[in-house]
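Colleague: I would like to learn how to read a ligand site from a model. Can we go through one step by step?

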Amino acid sequence: MMSDPSCIFCRIIADQAEASFVYRDETVTAFMDINPINPGHLLVVPNRHASSLGEVNDEVGSHMFVVGRKLALALRRSGLRCDGVNLFVADGAAAGQTVFHSHLHVVPRHAGDGFGFHFPPGYARGASRADLDAVANRVCAVLEEN
Ligand code: AMP
Ligand code: ZN
């Protein structure tokens, strides 16, 4: 599907809903998040509807990060408060995805801004090499199928 009329990001890309745009090319569009974590919080969105990363091809996926990197560097030079940047994708509801048109968040950060990742109890205990190797093997087995 090129465009989904029920998708807010498709409507923004088609200029049927308002947004504050910062970048657009033939593959992706970037605009301000309506509910910014910090001023300057941007979204990089494929122009073609793709509900998840699995529907984004290599060319589009890599271009999202190319543009995200460019925007991260621009934020640092913009005069906005930006001592660091988080780039992240929420892929799937369990990962926090709420808009099902895949997108890359570009979030300017500064110390004490109150944003952060919540780690589960026991996180800092680490894992044994045997467990890490077993998990690595499961992922490798899938990669080798392709
Ligand atoms: P996620 O939870 O990763 O799916 O992120 C969706 C993001 O889209 C949230 O940060 C929302 O604030 C943002 N968002 C939702 N609707 C709009 C909109 N109309 N314009 C700009 N950003 C939006
Ligand atoms: Zn869409």
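Colleague: Which polar backbone atom is 3.1 Å from a nitrogen atom of ligand 1?

Modeller: Note at the outset that this is a predicted model. A polar contact is a pair of N or O atoms within 3.5 Å. Here the backbone atom belongs to I34.

Colleague: How much of ligand 1 does the protein bury?

Modeller: The protein buries 83% of the 500 Å² that ligand 1 exposes when taken alone. The space that ligand 1 takes is the largest pocket.

Colleague: Which elements give two or more residues to the shell around ligand 1?

Modeller: Helix 1 (8-13) and strand 2 (28-32) do. Helix 1 has the largest share, with three residues. The shell holds 16 residues, and D33, G96, T98, V99 and H105 come nearest.

Colleague: What is the make-up of that shell by class?

Modeller: Nine residues are nonpolar, six are polar and one is charged.

Colleague: Turning to N86, does it count as buried or exposed?

Modeller: The cut-off for buried is under 20% relative accessible area. N86 counts as buried because its relative accessibility is 19%. N86 lies in strand 4, residues 84-88.

Colleague: Which side chain makes a polar contact with the side chain of N86?

Modeller: That of R109, at 2.6 Å.

Note on methods:
Residues numbered from 1 in each chain as written. Chains lettered and ligands numbered in written order. Predicted model: local features only at pLDDT ≥ 70, side-chain atom pairs only at ≥ 80, totals over all residues. Heavy atoms only, no water. Near = heavy atom within 4 Å. Polar contact = N/O pair within 3.5 Å; in protein donor to acceptor, adjacent residues only side chain to side chain. Areas by Shrake-Rupley, 256 points an atom, 1.4 Å probe, with all protein chains shown as cover. 1 Å grid on protein atoms, 1.4 Å probe; cavity = no way out; pocket = protein on both sides within 12 Å on 5 of 7 lines; lining within 4 Å. Sits in = over half its atoms within 2 Å of the grid points. Helix = DSSP H or I, 4+ residues; strand = E, 2+ residues; numbered from the N terminus. Nonpolar A, V, L, I, M, F, W, Y, C, P; charged D, E, K, R; others polar. Buried < 20%, exposed > 50% of the residue type's maximum accessible area, 1.4 Å probe, protein only.
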